[in-house]
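Hi,

Here is the structure I said I would pass on. My notes follow below it.

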Amino acid sequence: MVGGAMVVGGEWGCLVDGSLAVGAITEWSMERIGVRFSKAANMEPNHLTGYAKIEMELRSAESRFCYSTACGGGEFEVKDGNVKFPVKLHTRTCGCGVWQVSGIPCKHGLRVIYNQRLDPVDFVSNYFKGAAYKQAYAEHMHPMADPTQWPGSTLPTIKPHGIKRSAGRSQKQRRRVAMEARKRKRHTSVKCSKCKEMGHNARTCKSGADTSKAPPKQRTATNKRKMAYDGASTSKAAPKGKKSKQA
C-alpha cells in the first residue's frame, strides 16, 4: 500500500484509483531535497532559516506594543496590555510559554532584548541556524534507474498474505475515538407546518391552532357507479299498487 492505494503488479508503476505514481513522488522529493541541499551549502553557520526569519519579523512588530521593566538579576517584567509576563534572559523563558515551546524569542522576550541592546539571533535555538540546516540536508537523494533496467533475480516474488474475512457483518463506518464528536444528522432543525415554528413537527405541535382533526373526506361515486346503484334499487323495490293491496 502506498498513500492508500495498491501498486499494480508490485512494480513502480501507476497506482489504482488514479493516485500519483511512485515515480512522480520520488521526483518531487528529489527536487525538494536537492533545492535545500544547494541552499544549505551557501548558508553561514549563524544564519537563520527562512521560517525563523519570518517569525522574528512578525514577533518584532508585535513587540512594539509591549513595555519592559528591569527587576535585576537578568529578570524582567513585560506588560502586554493589561497582562504582565516574567521574562528571564539567562534561562530563555517567558511566562507566556511561547519562547520555551518554539525555540524563538516571543514578543515579550524580544522587547527585553531590544531594550538591552542585544542581538536577537543569539537567543534563537541552534536548530534554526545554518549549522543545523547543513547537517539536516548534508545528503541528497541519488537518481535511480527505471525498473526495466534492474538486473534479474532468481529470488521468489513476495506476495501479500491472504486476507481472512472475519465473522459477522463488515463495518461500514470507521470507529471514532473517545474524544471525537459523533456524526449527526444533516438536518437538525425541523419546522412545523401548522404554527410555522422551529423545533417540532405537525404531529407533536402543542399550539392551539388547528388542534381538532377534520373528518375524512368521502369519495363521491362516479356516474357509472351511481347509475348502477340507482338501477339496482329500483328493480328490487316493490310497486306501490301491490303494497296498497296487501295493506
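**What I found**

Buried residues (under 20% relative accessible area, 1.4 Å probe, protein chains only) make up 19% of the 247 residues in the protein. This is a predicted model: local features need pLDDT of at least 70, side-chain atom pairs count only at pLDDT 80 or more, and totals for chains, interfaces and linings use all residues. Numbering starts from 1 along each chain as its sequence is written, and side-chain values use heavy atoms, without hydrogens and water.

The accessible surface is about 21,000 Å² (Shrake-Rupley, 1.4 Å probe), with 55% of that surface belonging to carbon and sulfur atoms.

The protein has seven helices and four strands (DSSP runs: H or I, at least four residues; E, at least two). Their order from the N terminus is α-α-β-β-β-β-α-α-α-α-α.

M56, R59, S60 and E62 of α2 meet K107, L110 and Y114 of α4 (heavy atoms within 4.5 Å).

Disulfides (cysteine sulfur pairs within 2.5 Å) number zero. C94 is in none; its nearest cysteine sulfur, in C96, is 3.5 Å away. That is too far for a bond. C94 is buried, at 4% relative accessible area. C96 is partly exposed, at 29% (partly exposed runs between under 20% for buried and over 50% for exposed).

Best wishes
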